[in-house]
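Please read it alongside the sequence and model below.

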Amino acid sequence: MTDPSTPTGPSEPADVAVVGAGPAGLSAAVVAAEHGLRVVLIDAARQTGGQYWRHPDESHREAFAAPESTGHHHWRHYTDLRDRLAAGVAAGRIRHLAGRQVWRTDSFGDRLALRTSAVGGADALPPVERTTWARRLVIATGAYDRQLPVPGWTLPGVMAAGGVQAMLKANQVQAGRRAVVAGTGPFLLSVAAGLAGAGVEVVEVVDANALTRWAATPLRALQEPGKLWEGVQYATAFLRHRVPFRTRTVVTAVRGVGRASEVELSRVDGAGRIRPGSSRTVAADLVAFGWGFTPQLELAVALGLRTRLDVDGSLVIDVDDDMRSSDRLVFAAGEVTGIGGAIASCAEGELAGAAVAQDLGLSADARTMARHRRRLRRGRRFAIGMHRASPVPAAWDEWLTPETHVCRCEEVTAAEVTDAVDGLRADDARDVRVTARPGMGLCQGRVCGFALSKLVATGTGGAVDAGALESLTNRQVGVPVSLGDLASLVPHHPNQEES
């Protein structure tokens, strides 16, 4: 009989497993390794950088323009991290598992088991190696685009702003010829500038909020001088390409036969209510929506980590000053602790890597850790100002028609959600999910969860809280897996008896 506290597998557990190779995860992995820890870095992508530093296939660089010319910021910082990762791999301190996803994490005493599977295609790893064991875990899974439904948003040609930018950065592919970029927040500027620079005609950039909202917290804007410089660069690009930028304006409908061809724009007040008589139509075959980002928390919620509602309404992992979660074995860094940008994510990752080393008995420079904490406090002040200046309009649900699809996967309409609340007395988002099936499709509520929670809260007279969002994120299996992945657990579970 095996000792339940002893992991079975091909080798001893790593000191720390890092999930995600974006700015935060990459930083955490290299810093932990440089402190002398044995690190496993697991990422679903084939190459590092995450969404922020997504770039062309490095095995065919000659076919692409230089990555720094396709809208990347802080590219030298990334290449430094990439070089340090390569050095750690070569020295045997880091094992980089690319193209693998963690679909479940289990805790056994003082160590964790990360169940992984290959992303697409057959899994080349033998079953015994598909579970990665570690003494500590850093969750750095990042975030994805938050979306709000609008009439016509399921038409081809309507995309998340992050998806439009990813196509441009990684493949130099323009998703359309005439684009409207809409939503709220600074990310719209980045996407529009990238499209314009690639030759796409950006018809308009529309932000639901007024720039004067920044005036309420002017000192917060000054916390990140680099962001102000980026804003100047975007403004210059807009002038050069003659891109119109309008505030207090939203997309209220997308129309077309077969794909998007026409976009209805409307002026709104401070709460997002449409101003009568303000609607107009422009021709466009691409609509890029950006309403902020949603942290990817499936692993955190499955582990039972404490979460909280952030300033922008996102569910995030609650961490202390050393990036430790409510579970002493688990740390978190980057957008999963609050949306704040790539450089803040790097600082969080570096702090988490050093804190794990200290937690495991190694020395960490106190002055460096204090510097990271100061950097994070400054970044957090900026992020709060950004979120307050660019909120999702409170009355966005008034833009919907009864026929508007709220859930794209299951084609559940706004009327069906309302019927579940009013007619079936479903009193929370999870009840509506069970009765009307929004969030039951392939994306499992990742796209519609935020909007669904808001609609249910409006219908019940309540508010969207951490519990409502967490209930839609709680999954025993974080990503789709095969029956073979499930079956492979049986002979490699630490409680399994062996004859």
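Asp106 is buried, with a relative accessible area of 13%; buried means under 20% relative accessible area, exposed over 50%, and partly exposed in between (1.4 Å probe, protein chains only). The model is predicted: local features need pLDDT of at least 70, side-chain atom pairs count only at pLDDT 80 or more, and totals for chains, interfaces and linings use all residues. Residues are numbered from 1 along each chain as its sequence is written, and side-chain values use heavy atoms, with hydrogens and water left out.

**Asp106 and its surroundings**
- Asp106 lies in strand β4 (residues 100-108); strands (E, at least two residues) and helices (H or I, at least four) are DSSP runs numbered from the N terminus.
- A salt bridge at 3.0 Å, N to O, joins the side chains of Arg104 and Asp106, the term meaning a side-chain nitrogen of Lys or Arg within 4 Å of a carboxyl oxygen of Asp or Glu.
- Arg104 counts as partly exposed because its relative accessibility is 23%.
- Beyond residues up to four places away in sequence, Asp106 touches Arg111, Leu112, Ala113 and Arg115 (contact: heavy atoms within 4.5 Å).

**Other salt bridges**
- The count comes to 28 salt bridges.
- Glu204 and Arg246 form one, with their closest N and O atoms 2.9 Å apart.
- This pair links distant parts of the chain, 42 residues apart: Glu204 is in strand β10 (residues 201-207) and Arg246 in strand β11 (residues 245-247).
- Glu204 is buried at 5% relative accessible area, whereas Arg246 is partly exposed at 37%.
- Arg273 and Asp269 meet through their side chains at 3.1 Å, N to O, in a salt bridge.
- A network of salt bridges links Arg306, Arg308, Asp310, Asp318 and Arg380.

**Nonpolar cores**
- The largest nonpolar core has 44 residues, and those with the most contacts inside it include Val158, Phe289 and Trp396; such a core is a set of buried Ala, Val, Leu, Ile, Met, Phe, Trp, Tyr and Cys residues joined through side-chain atoms within 4.5 Å.
- Helix α12 (residues 449-460) gives the most to this core, with 5 residues.
- A second, separate core of 37 residues includes Ala32, Ala33, Trp75 and Val138.

**An open sheet**
- Three strands with antiparallel pairing form an open sheet in the order β12-β13-β14; two strands pair if DSSP finds at least two bridges between them.
- β12 (249-255) and β14 (280-283) are the edge strands, each pairing on one side only.
- β12 and β13 (residues 262-267) pair over 6 bridges, and Ala253 stands opposite Glu264 in β13.
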